[in-house]
Amino acid sequence: MAYNNGIVVIADELRTGRTPDGAPGIIWLKGVQIVNGGQTTASLYFAKKKDAGVDLRSVRVPAKIVVLRSKDPANEEALISSISRFANSQNVVRQADLSANKPFHVAIEKLSISTYCPDGIGKWFYERAAGSYNVMLAREGTTPALRRKLQDSVPLSRKINKTDLAKYINAWDQKPHFVSLGSQKNFSEFMKGLETDEGTAEVRLPDVAEYRRMIAKAIVFRAAQRLVRPMFPAFQANVTTYLVSVLANRLGSVLDLQRIWNQQDLSERLRAQLVTWAPEVNEFLHRTSEGRMISEWAKKPECWEAVRDATYSKTIPGIPEAR
């Protein structure tokens, strides 16, 4: 107890009573969430799970329990976020971490669990909470064979976290200047885009078809990333983001995202189109920057307007994904 910062727990209700030795104690908690101390809790859980002979009876962990009294869901969510932010003093708490319980992300996680790839075996993993992919492997991969089977069906290459998703969607939605702000600022802009005019609720939750389109956008972005990386010595991230936005601007209305989902990849012709436009995007970024640092210039809406309105090579004919 002297060495551990303990855990912070929030609950909706708490009832106290007497323990068998007569000391005061907690009889039960309702609506429990651990907002700080997840690593400590997981370490204890998996220690016992991996070795049933481990004796945890002498282990003591300090805990601060906060019982919520607010009846307003918005105020309650704000309070939980603040408690989490201030309790996590030893680790950086990011905006994306504080948004993990929002209905949009919960819905995406549920869709990722229930939606199989076209082969009927594989799935994509949406890491709504940081570290949940490794927790899933530890929880379900109880033997080496089961772990290998999990890693085959849900490989690390098909894991997406919240800031990844925000990057892929904003790039496709032709907002590369937001993506260029960095993962956390882009995520904040993405979340603002989900809110209604009143700012108190989120837009319609995605269904299976929309989820598949989101994954298709992820496939496009990651393919562009792999193609761009060896092509340029610097600013590959900016070129990739702007390249995806240019693709969406020029061909987004005719590209069949469902087909990309079905293929789980891009056709050779669509890859060739990205390879053709990538040097042009890179050139226009440098030309319009007028000597400014590309990574800073890329953050400006004016940069996207200039790159978007530039003249590019003609579209390669016969792209299978183009309807």
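A residue counts as buried when under 20% of its relative accessible area remains. By that cut-off, 39% of the 323 residues of the protein chain are buried. The model is predicted.

Start with the whole chain. The protein chain has 15 helices and 7 strands. Its C-alpha trace spans about 80 × 45 × 35 Å along the principal axes. Residues 24 or more positions apart account for 69% of them.

Next, the surface. The protein chain exposes about 18,000 Å². Carbon and sulfur atoms supply 52% of that area. The chain also carries 46 positive and 34 negative charges.

Now turn to one helix, α11, which covers residues 236–251. Its length can be checked. At 1.5 Å a residue, the 16 residues of α11 should span 22 Å, and this agrees with the model because the end C-alpha atoms are 22 Å apart.

How many of the 16 residues of α11 are buried? The count is 12, so by the same cut-off of under 20% α11 is mostly covered. The buried residues include a run from N238 through T240, T241 and Y242, among others. L243, V244, V246, L247 and L251 are also among them.

How values were computed:
Residues numbered from 1 in each chain as written. Predicted model: local features only at pLDDT ≥ 70, side-chain atom pairs only at ≥ 80, totals over all residues. Heavy atoms only, no water. Helix = DSSP H or I, 4+ residues; strand = E, 2+ residues; numbered from the N terminus. Buried < 20%, exposed > 50% of the residue type's maximum accessible area, 1.4 Å probe, protein only. Contact = heavy atoms within 4.5 Å. Areas by Shrake-Rupley, 256 points an atom, 1.4 Å probe, with all protein chains shown as cover. Lys, Arg positive; Asp, Glu negative; His and termini not counted. Charge placed at Lys NZ, Arg CZ, Asp CG, Glu CD. Expected span 1.5 Å × (residues − 1).
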